[in-house]
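Thanks for making the time this morning. I would like to walk you through one model and a few of its side-chain pairs, so please keep the structure in view while I talk.

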Amino acid sequence: MKRYWIHLLLAISLLVNVGVLAGAWFQVWRAQGATELAFFGMGHERVPDYLKLDDPQTQRWHAMEQDFVKILNDVGSKIQTHRERLVREIFSAQPDASVVERERAAIFMLQEAQQRSVIEQLIKEREMLNAKQRLSLADLLLKQDPRSAVGTPQLHAR
């Protein structure tokens with residue numbers, strides 16, 4: 001019985017963390033429909049101008065970001081589904097520790113995939129940028145508050 005409570009407390013702790021991430025993700029997702037997303041006072045559509053991309057780079061940037069945003073949205077939706085299942089199970093009349101663990105593991109795997117996607121996107125962007133543009137993008141990313149959990153997706157919000 002003692003082990004059950006430890007697992008339940010661990011799951012609740014995870015739930016709080018996931019809730020914070022999901023809340024941040026929801027803000028980004030909601031802002032994607034907006035015409036102007038604040039990113040250090042600039043809209044996402046102005047990032048190519050900030051980086052001083054030429055026309056071919058700008059076209060490639062926008063083409064790459066479409067696929068990237070779709071992947072992030074798809075993974076975000078899956079995370080939300082598992083989060084809802086996790087919450088429902090934790091607060092059910094008889095929580096099943098194996099279901100809680102299964103949902104936690106699913107969320108972890110999806111978050112890991114999301115992180116990989118972000119890194120892959122940054123590598124693709126790095127390859128198309130010159131040295132000065134890479135420094136500008138790195139500087140822009142480093143200025144972000146890491147606690148916001150929204151970081152790179154804001155660059156590409158639509």
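This is a predicted model: local features need pLDDT of at least 70, side-chain atom pairs count only at pLDDT 80 or more; totals for chains, interfaces and linings use all residues.

Glu84 is partly exposed, since its relative accessible area is 33%, and by that term I mean between buried, under 20%, and exposed, over 50%, with a 1.4 Å probe and protein chains only. Its side chain meets that of Arg88 in a salt bridge at 3.9 Å, N to O, where a salt bridge is a side-chain nitrogen of Lys or Arg within 4 Å of a carboxyl oxygen of Asp or Glu. Both residues lie in helix α3, four residues apart, about one turn of the helix, and Arg88, at 58% relative accessibility, counts as exposed.

Residues are numbered from 1 along each chain as its sequence is written, and side-chain values use heavy atoms, leaving out hydrogens and water.

Also in helix α3 (residues 55-90), Asp74 and Lys70 are separated by about one helical turn, because they sit four residues apart; they form a salt bridge whose closest N and O atoms are 2.8 Å apart, and Asp74 is partly exposed at 36%.

Conventions. Helices (H or I, at least four residues) and strands (E, at least two) are DSSP runs, numbered from the N terminus.
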